[in-house]
Amino acid sequence: MSTSASRFKVIEPFPVAGVDPKHTEDHQYWRGLQFPITIKEFGAVTNVAFQPTKPNFFAVSASTRVILYNPENNESVKTFSRFHDVAYGATFRRDGRLLVAGNADAKVRLFDVDGRVPLRIFKGHTRPVRVTKFCNNMKEIFSAGDDNSVRVWDIPTEKVLHKFDHHQDYVRCGCVSRNADNIILTGSYDHTVRMFDTRSDECTMIVNHGCPVESVLMYPSGSILLSAGGNRIKVWDVLQGGRLLATVSHHHKTITCLRFNHDCTRILSGSLDRHVKIYDVATYNVVHNIDYSAPILSLDVAHEDKTLVVGMADSMLSIRHRKQAVIKEQKEDEVLLSRRKRRQRSHFMGGQTFVPNQGDVIIHHKHKEQLEKYDVYFRKFEHGKALDAALIPQVHMNTPEITVAVFEELIRRDTIHAALAGKGEKKLSVLLKFLIRNITNISFAPVLMDVAEMVVDIYSQAIEDVPVSVINLFQRLRDIIRREGKLQIEMHKLLGCMDTIVSSNSQNIKQSDVDEATINASNTDPVSLKKS
Amino acid sequence: MKESLQIVQTGGSSITKFNSIFSHDSKYLLCPCGNLVKVFSVATGECFQRLNGHCKLVTMICHHPRVQLQILSSSLDGTVKVWDYEDGILLSTCDFNVPLLGIFAHSCYSTVAFVIQQSDDSNELYRFTLNTIPSKTSDIACSLLAKNVVKDCSKRIAFSEKFAVVSYSNRLLVFINPQHAERDEKIRHVLKDNAPAITCISCHPVEECFATGHANGEIRIWFNISDVKNVISSIQHWHSLEVLSLKFSSSGSTVLSGGHEGVLVQWLEDSKNFLPRLGSAITNVAVSKDSTLFAVSLLDNSILIITNYFTIKQTFDGFTAIGQNLPCGICYDSNTNACVTNGKPGHLLFYLPDKDIQLYNLDIVSRNFISSVDLEKPLSKTNILKVGFGGTFDGVKHMATMEFDQAKQRDEKLKFWRFSDTDQQWVLETIVKSPHDGCGITSLTFSPANNACVTTSQAGFAKIWFKHDEEGWLCEMSLSFRDLPCNDSTFSEDGSVLALAFGHTVCFCDISNNEEMQLMLSHSESIKSIFFGRQSCQHLLVAATSEELLCWNVMTKSMYWSSHIHKINFLICDIHSENMAVFTNSNKIFVFQPSDKQPHYSHNLSIDVTAACFVPSKNCHIAWQAKSELYLVSKEMSVHKFCVKSEVDDASNLSRMIIKSDQVTPMSNYLSSTQQKTAKTVNSNRLQETTVDVSKCSFHSSEIIKCGKSLIKFV
């Protein structure tokens, strides 16, 4: 008989301090990007740009070449190598047929996407050219670089149409307004973003970003522009003459690149701190974060956010493709479901059409509750096995909170000693590695410290039998705990300092009876008060 | 002239402390419960009848040997009473003048019954004749059978057709033909020295054999018992801990046993059936006469009716409060109109005190019941220390619970729950792990004005939790004052001011405007609990130290009055009227209003009160209980209330009131209403049929009359 009086209450994950990362639609959406494909380039990848039209190749500027990749198979389609020095800022024209790139030899080269030899070479800059973009009318390009000048070129004649010498320092970024033919926007290391109007040859607007500007971006409507430099992004209202709308600072190192997603509802920023952050344009809150292995120099998003390409300082190029649409996933689910249903149906076909008679006793088929392995062992009071089941990699790597909950349940049942004792080298090292990895986690520490103590207690008695590898792990655990202890002491010292500052602060306020505004000010900045 | 009030028990008490029995037709389960015998209906799960007459604890009940619908009950008040349990009538009383610990009768011995009398140094088993029960003590013909019976006698003595067994810890006394004074024969079996102590015993209904349960979990079946030298015993061992109860089925083919593991074991000839996870230790097993139903009494004060194919048919819950005290006190929940307190281990009990009915046990801790490996070292349990209910905002009502394993000093969790209207159940919203670092939480209070909750701890922190739509409940403020322990917190009725008792100081703060604490009222002694007055006393704050009751006017920041009361135990506040009540350790109660120093009412209670609660009610005869009644819970977990003398009889006849009143529980209420509806329609149909029948044929008249009777009853 397999009945029981009440349901077995399964182990619940150990509650982790802090708010769970919210599972918003954005998370799901950006999680859809698959595991990255990385390609090694010859130098730091300074720029990535997608072809706006089919076949949606993307141009990668790295070292002395510009390479076209096909996102379908992640293979290079073509290499433009007619550069005499480092190539910068290769971008496509709106129709996707021409490509322009700057060069460290101060020349700007224009290529046909199908060709190999530059169609035009624009000479005039005196220092490396970092920014090259096509203007909206498709007949002109603008370029800017280390000679502080911004030039607008006529493609057919290779002549300079306009030259703006307003910037005081290197110009490192620029863009054109999508809805106006004559607006050019550039950001420079002189901390300013300037807007030029080719009709007047004048700088029509200046905003001061406060740090060297690494990237600028303009909304398609042309009314709001974003500038990135230092570790912050600033949002400016163009229509109000450059009023600062918002400052967003979520990176802790210089932001190097900014991009819109395909429909301009999200902004992506890449930074030297190895993160790509995605912001909602309505609130400028971070909605998602993607980690990379190296400082990020450039990024771009393909049409419909199908592909995210990120160029990094260690000359790696990372390509992430979106899983082929969610619809397919659903289909898979349906297939699975129907398969399961079919299986069930084949099992219980007999009862489908049966109508019971009045006097019949109906016994409902009970579906067996699916329990996790460790729960099954807990139900059978096999505590050692339950612990082993919680220490398999799937559980303890992906859900350490489950493993900690199992530890806690063992403590509750007073069987932790028995469960921990008598482990072989393999299991013991897994256990110790788990402790080493998680013992400094604030939420788990109270439980894991107890467990670690018990492990040491149990195995210290027979330490000569313990293999060397395990002893090394014990030593590592000791070191980690020691380090954590030191850290805690430091933290307490810091807390003590802060307490004295705050309390002296509040006393000062009481004495001087200042008005509330200053109280708030001093409360927020206790350090400054101490200095004074 | 004030009416003198009396305190009357309305419910509570353990239903599993003593053995319960099935009625012969298996329709009812009878169990001793405090001074009452409760008759539960197995089909509906409701208390069908209360046999009220004993003035002390009823210790045991058994069937009358001859009359099917009668039972005998023994009580500590020294009487044996004979009852008709279906009609609830006391038939006769037999007074022994000695506290009785048990009564036994067997259908084979029609004229005699056996009682255990408690005397100063030993308990003695006596036989007496049932034939004519005289009213005078001296007339009872008693004859002594056995001396020095073990105290927990009901499980240690068993009667069969031909013999009776009295077990001591390591010996057995078998009486052959115990009903005859002349022919009885005593046989003594002594267990070997190293044999485990006997804990329970059961006789085979037909054969000359019996089974004993032992302290180490063994079960021994004894055969050939009339032969002293060649008695045969076979040992079965599954239980790892003491066997607490043992019963042969009525045919004798199987044995049921239960113990601390909470697993019911059915021993067949060569196999065993198990029913695991009953939730608590099994203290007693009863088998119905047809062997189709088993009644399993659990230590957590509930009885499960289990069918012979091991499904649970019905549950009867007593006032399932754990241990000797209620750590979370009693709260009133306006949603269900119930009192909320600790129930089964890790559960919250929702209890209707006016009807003595349990609504449900809500699982808060969600842990499996695990029996300890060693009975000497019981496993510590995570208890619910505090519970609080919030007001209804945006149509959502909240509850917060605080749980803590005090023995191990771990597993401190604050849980916030939301009542889901669609599912009609509490849904867990937020778990906060060790909110106060295990430093003894002292109070948990919800703001009446918004979704905010305050928890205070001995470590001196008051934490204020706010509900956020996405993140759930978050601590937004943590207040402390000179590292003094924070003993209590209270909100003013409009929720604008929060008062916190830090040591001997009361601080006020306005949590909605996030202002600093201000206006401190100080006293020389540490303040234990504080309450804001209600309604017309909103400006008054009542505080209790261990020796003094204080009342401050918050508007003028001055002491309004103070009064010296010796050893204050606890203070409670009625949220629906201005009344407050203070209880002392010497069991005095003072009911007062903050605006008046003189108490309305004071009384010396005869019971040890551990918790009390005001419950709103309408029909009350006592002036100060016009809006709400005061219910008290004693240390023995019995529920009491105050009654006017004239009302006492009424209250004691509660049983009848209950049967008549249809409102029982929301669920059964709902069910019974639907059942009634369908039943009524069925009845009306039947009425038509019967009338047709009458017109058609006359010889079914008797049946029709019966039908009509039942109809009348129903309508």
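Predicted model: local features only at pLDDT ≥ 70, side-chain atom pairs only at ≥ 80, totals over all residues.
Residues are numbered from 1 along each chain as its sequence is written, chains are lettered from A and ligands numbered from 1 in the order in which they are written, and side-chain values use heavy atoms, with hydrogens and water left out.

Chain B contains 4 helices and 56 strands, where helices (H or I, at least four residues) and strands (E, at least two) are DSSP runs numbered from the N terminus. Of the 715 residues in chain B, 56% are buried; here buried means under 20% relative accessible area, exposed means over 50%, and partly exposed lies in between, with a 1.4 Å probe and protein chains only. When contacts in chain B between residues at least 6 apart in sequence are considered, 43% of them join residues at least 24 apart, a contact being defined by heavy atoms within 4.5 Å.

One open sheet of chain B is formed by 4 strands in the order β6-β7-β8-β9, with antiparallel pairing, two strands being taken as paired if DSSP finds at least two bridges between them. Strands β6 (58-63) and β9 (89-95) of chain B stand at the edges with a single partner strand each, so one side of each is left without a neighbour in the sheet. On average, neighbouring strands of this sheet are turned by 20 degrees against each other, direction ignored; the axes are lines fitted to C-alpha atoms, for helices over the stretch in contact, and angles run from 0 to 180 degrees between N-to-C directions. Strand β6(B) pairs with strand β7 (residues 70-75) of chain B in the antiparallel sense over 5 bridges, and Ile61(B) stands opposite Ser73(B) in β7(B).

Another open sheet of chain B consists of 4 strands in the order β46-β47-β48-β49, and its pairing is antiparallel. Its edge strands are β46 (529-532) and β49 (558-564) of chain B, each of which pairs on one side only. Neighbouring strands of this sheet are turned against each other by 20 degrees on average, direction ignored. Within the sheet, strand β47 (residues 540-544) and strand β48 (residues 548-553) of chain B pair in the antiparallel sense over 5 bridges, with Leu540(B) opposite Asn553(B) in β48(B).

Across all chains, the structure holds 32 salt bridges, a salt bridge being a side-chain nitrogen of Lys or Arg within 4 Å of a carboxyl oxygen of Asp or Glu. In chain A, Asp165(A) forms a salt bridge with Lys163(A), the closest N and O atoms being 2.9 Å apart; Asp165(A) is partly exposed at 47% relative accessibility, and Lys163(A) is likewise partly exposed, at 40%. Glu408(A) forms a salt bridge with Lys433(B), for which the closest N and O atoms are 3.3 Å apart. This pair crosses between chains, from Glu408(A) in helix α6 (residues 400-412) of chain A to Lys433(B) in strand β37 (residues 425-433) of chain B. Glu408(A) is buried, with a relative accessible area of 9%, whereas Lys433(B) counts as partly exposed at 22%. Glu409(A) forms a salt bridge with Arg412(A), again with the closest N and O atoms 3.3 Å apart; because these residues are 3 apart in helix α6 of chain A, Glu409(A) and Arg412(A) are separated by about one helical turn, and both are buried. A network of salt bridges links Glu408(A), Glu409(A), Arg412(A), Arg413(A), Arg367(B), Asp411(B), Lys413(B) and Lys433(B).

Two further lysines were examined. Lys463(B), in strand β40 (residues 462-468) of chain B, is buried yet has no salt bridge, and the nearest side chain of opposite charge, Asp437(B), is 5.6 Å away; Lys and Arg count as positive and Asp and Glu as negative, while His and the chain ends are not counted. The side chain of Lys463(B) reaches the backbone oxygen of Pro435(B) at 2.7 Å. Lys40(A), in strand β1 (residues 37-40) of chain A, is exposed at 58% relative accessibility. Leaving aside neighbours within four places in sequence, Lys40(A) is in contact with Asp314(A), Ser315(A) and Met316(A).

Terms used. Polar contact = N/O pair within 3.5 Å; in protein donor to acceptor, adjacent residues only side chain to side chain.
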